[in-house]
Amino acid sequence: MIRFIIIIVLFFAMLALSPLLIDEKGYILIAMGETIIELTVLSASILFMLFAISAFVIFKMLRGGFNISFKAWRTVAFAGRKRGIANFNKGLTAYMLEDYQNAEQLFAKSAEPAKRQQSAYLLAAAASAKQQLDANTNHYLALLEEVSAKNSDSDIASVIVKIKLLMNQGRSEAYAKARALIDENHKQIGHDVRLLALEIDLCLIEKRFEAAVSCLTSARKQKSIANDVMQAWEEKAYYGAFNDIITKQDQTSLQAYWKALDRKTKQREAVLFSYCQILAEQNITDPLINIITPILNKQPSVRFLKHLRTLPIKQSESLLAIAQKHLHNDKHNAKWLSCLGHLAVMCEQWSMAEKAFRSLLKLEANHQVKQYDKQDLQAFAKALMEEEQHKAANEVWVKVNDWQNDKN
């Protein structure tokens with residue numbers, strides 16, 4: 001535009017100067033072979049200006065035409081990709097709205113046109129997994145494998161998603177494929193906590209408990225893993241490891257394995273609970289009592305006491321004495337009344353159990369808060385039934401049902 005304005009200004013400047021050139025015209029002679037062209041300076045200047053303006057206008061028109069043609073070609077050439085991207089975005093929206101069937105179709109349709117094969121096939125597999133369509137999930141994972149094979153860069157995030165999708169199918173064939181993927185990327189386990197977590201979960205599913213225990217050492221160093229997740233892993237892994245040893249070997253091997261654990265590990269509640277559970281199930285009483293006694297003599301947590309009542313301890317008379325000692329100092333202590341009641345049920349001392357649970361239920365009237373739970377009520381009802389107090393037992397069972405309804 002600026003150049004055009006300059007040309008116009010020059011044109012009008014020539015017009016303004018043209019009267020001065022009329023008296024002194026001057027001549028321009030152009031000879032090309034036998035052709036001779038004779039022009040005055042004024043006419044030559046005017047022709048040059050007209051030529052410059054015409055050339056500028058023609059250039060602009062041609063340039064605009066080329067731009068329009070290129071834009072039209074680009075629109076036609078990339079129309080498929082635009083539709084693919086639009087379908088991919090619609091698929092994301094459908095997935096967020098939990099319309100997994102539509103999302104799966106949109107992702108599958110958009111994979112090639114949108115040039116987003118990895119993301120589209122992963123999301124399509126995830127959408128089909130939400131519908132529990134294992135065949136479709138495996139199909140998309142196979143397509144993803146083909147795409148990944150062409151790409152030299154291994155995307156660990158994609159690998160993790162594939163492993164999760166396979167493990168969620170809950171089939172032995174899928175677990176085998178997940179194991180193969182983990183083993184292929186085994187070097188990444190120490191660097192990626194997500195892959196480490198999947199390794200532990202898969203080891204527990206495969207009942208490779210000692211392998212899971214060895215992975216827990218690395219998992220404890222990861223601050224991003226929640227404590228409740230760690231406890232759940234430890235409980236399953238160590239219970240499985242203890243059970244394998246006592247089943248496949250003997251009691252001596254189990255106790256040797258326990259002694260070989262470091263002090264901090266043995267003090268972890270999940271590990272301790274698992275060991276106590278195995279000892280109680282195998283009726284190995286003396287080592288079990290020796291472990292529980294020093295803990296009860298102190299001030300154990302409510303969690304420990306709640307776990308203690310689930311153990312099938314056959315001979316718990318010495319533990320009863322410890323609970324009674326704590327109640328002697330604080331006879332209205334809810335956690336020790338509950339503990340005493342459950343230990344008495346284990347020893348089949350029904351009268352003692354009845355008195356302990358009655359005292360526990362009376363605390364509700366004093367504190368206006370329930371100091372007992374469903375397991376306490378069930379044990380209380382059992383003690384009453386054994387004492388043939390059927391009416392009172394039925395009343396307690398009504399409380400159990402009410403408790404269950406309140407929770408629901």
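Tutor: Helix α4 (residues 100–110) and helix α5 (residues 117–130) have axes that come within 8 Å and cross at roughly 155°. Helices here are DSSP runs (H or I, at least four residues), numbered from the N terminus. Axes are lines fitted to C-alpha atoms over the stretch in contact, and angles run from 0 to 180 degrees between N-to-C directions. This is a predicted model, where local features need pLDDT of at least 70, side-chain atom pairs count only at pLDDT 80 or more, and totals for chains, interfaces and linings use all residues. Residues are numbered from 1 along each chain as its sequence is written, and side-chain values use heavy atoms, with hydrogens and water left out.

Student: Is α4 roughly parallel or roughly antiparallel to α5?

Tutor: The axes cross at roughly 155°. Angles over 145 degrees count as roughly antiparallel, and those under 35 as roughly parallel. Therefore α4 to α5 is roughly antiparallel.

Student: Which residues of α5 make the contact with α4?

Tutor: Contact means heavy atoms within 4.5 Å. From α4 come Y100, A103, E104, F107, A108 and S110. Their partners in α5 are A120, L123, A124, A127, S128 and K130.

Student: How many charged residues has the contact of α4 with α5?

Tutor: Asp, Glu, Lys and Arg count as charged; Ala, Val, Leu, Ile, Met, Phe, Trp, Tyr, Cys and Pro as nonpolar; the others, Gly among them, as polar. This contact has 8 nonpolar and 2 polar residues, and its charged residues number 2.

Student: At what angle do the axes of α9 and α11 cross?

Tutor: Take helix α9 (residues 193–205) and helix α11 (residues 227–248). A197, I200, D201 and L204 in α9 meet W233, K236 and A237 in α11. The axes come within 10 Å and cross at roughly 35°.

Student: What is the volume of the largest pocket?

Tutor: A pocket is an open set of points on a 1 Å grid over the protein atoms alone, with protein on both sides within 12 Å along at least five of seven lines. Volume is the space filled by probe spheres set on the points, which are joined across faces, edges and corners. For the largest pocket, that is about 260 Å³.

Student: Which elements give two or more residues to the lining of the largest cavity?

Tutor: A cavity is a set of points where a 1.4 Å probe fits but cannot get out, and lining residues have an atom within 4 Å of a point. The largest cavity is lined by residues including L279, I284 and L288. The elements giving two or more are α14 and α15.

Definitions and conventions. Angles under 35 degrees count as roughly parallel, over 145 as roughly antiparallel, 65 to 115 as roughly perpendicular and the rest as oblique.
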